[in-house]
Amino acid sequence: AERPGAQTNLGNLYAARGEADKAVSAYIAASTIEPNYIPAYVNLADLYRSMGDETAAEKVLRQAAGSIPDNGDLHYALGLSLIRQQRMQAAVEELRLAARLNPDNPRFIYVYAVALNSTGNPDQAIMVLQEAHNSHPNDVDILNALIAFHRDAGNHEQAKRYTEKLSRLSR
């Protein structure tokens, strides 16, 4: 009971059983025991999201990111929350931070690039993806996005180049 992981697991159990109030209490207990324990915040925000309260999820994630500003997971989760709220510009900034803080996580970079493209910045999205491709040359999501974004931009030779690379990886 005195460990944040145990409280978070308990919160997960309560959430799975539909006992939201007990789950919230357990997640809060975990974050009280260890204020830098990221899973407690992310799980609490996810519980609020599943309950349809995206505003509460955002609040939890903003508070956590304010206390632990160098954690990419929190900025990523916050970015996704903002996307669900159709607040794309703010989401792009959070996703940019997540990608910058976790350059070894290709998923964060991919989602950031997709958000850039969705907000009318396809050239910037392509630049981000090409840099990510240099670091993660075998990431299928990054390759697929490069193909689609280059194709949509009329860069057919680039799209073809990445298609061929993806094809070689699939063999």
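**Exercise 1. Determine whether Ala-115 is buried or exposed in this predicted model, and state which residues Ala-115 touches beyond its sequence neighbours.**

Step 1. Ala-115 is located in helix α7.

Step 2. The cut-off for a buried residue is under 20% relative accessible area. Ala-115 has 2% relative accessibility, so Ala-115 counts as buried.

Step 3. Leaving out residues up to four places away in sequence, Ala-115 touches Val-92 and Leu-95.

**Exercise 2. Check the length of helix α2 and work out how its buried residues are arranged around the axis.**

Step 1. Helix α2 covers residues 20-33, which is 14 residues. The expected span is 1.5 Å times one less than the number of residues. This should give 20 Å, and the end C-alpha atoms of α2 are 20 Å apart, so the two agree.

Step 2. The buried residues of α2 are Ala-20, Ala-23, Val-24, Ala-26, Tyr-27, Ala-30 and Ser-31.

Step 3. Viewed down the axis of α2, these residues fall within an arc of 165°, and therefore line one face of the helix. The spacing follows a general rule: an α-helix has 3.6 residues a turn, so residues three or four places apart point the same way.

Step 4. Asp-21 and Thr-32 are exposed on the other side of α2. The cover over the buried residues of α2 includes α1 (4-16) and α3 (38-50).

**Exercise 3. Classify the aromatic pair formed by Tyr-76 and Phe-108.**

Step 1. The count of aromatic pairs comes to one.

Step 2. The ring centres of Tyr-76 and Phe-108 are 4.2 Å apart and the planes are at 15°. Planes under 30 degrees apart count as stacked, so the pair is stacked.

Step 3. Tyr-76 is in helix α5 (residues 72-84) and Phe-108 in helix α7, 32 residues apart, and the pair links distant parts of the chain. Tyr-76 and Phe-108 are both buried.

Step 4. A ring also takes part in another arrangement: Arg-161 lies over the face of Tyr-162, 4.5 Å from the ring centre.

**Exercise 4. Describe the chain as a whole, stating how many helices and strands it has.**

Step 1. The chain has ten helices and zero strands.

Step 2. Along the principal axes, the C-alpha trace spans about 60 × 35 × 30 Å.

Step 3. Of the 171 residues, 43% count as buried.

Step 4. Among contacts with a separation of 6 or more, 42% are between residues 24 or more positions apart.

Definitions and conventions. Residues numbered from 1 in each chain as written. Predicted model: local features only at pLDDT ≥ 70, side-chain atom pairs only at ≥ 80, totals over all residues. Heavy atoms only, no water. Helix = DSSP H or I, 4+ residues; strand = E, 2+ residues; numbered from the N terminus. Buried < 20%, exposed > 50% of the residue type's maximum accessible area, 1.4 Å probe, protein only. Contact = heavy atoms within 4.5 Å. Arc of directions from axis to C-beta. Phe/Tyr/Trp six-rings, centres within 6.5 Å; stacked < 30°, edge-to-face > 60°. Lys NZ or Arg CZ within 6 Å of the ring centre and 35° of its normal.
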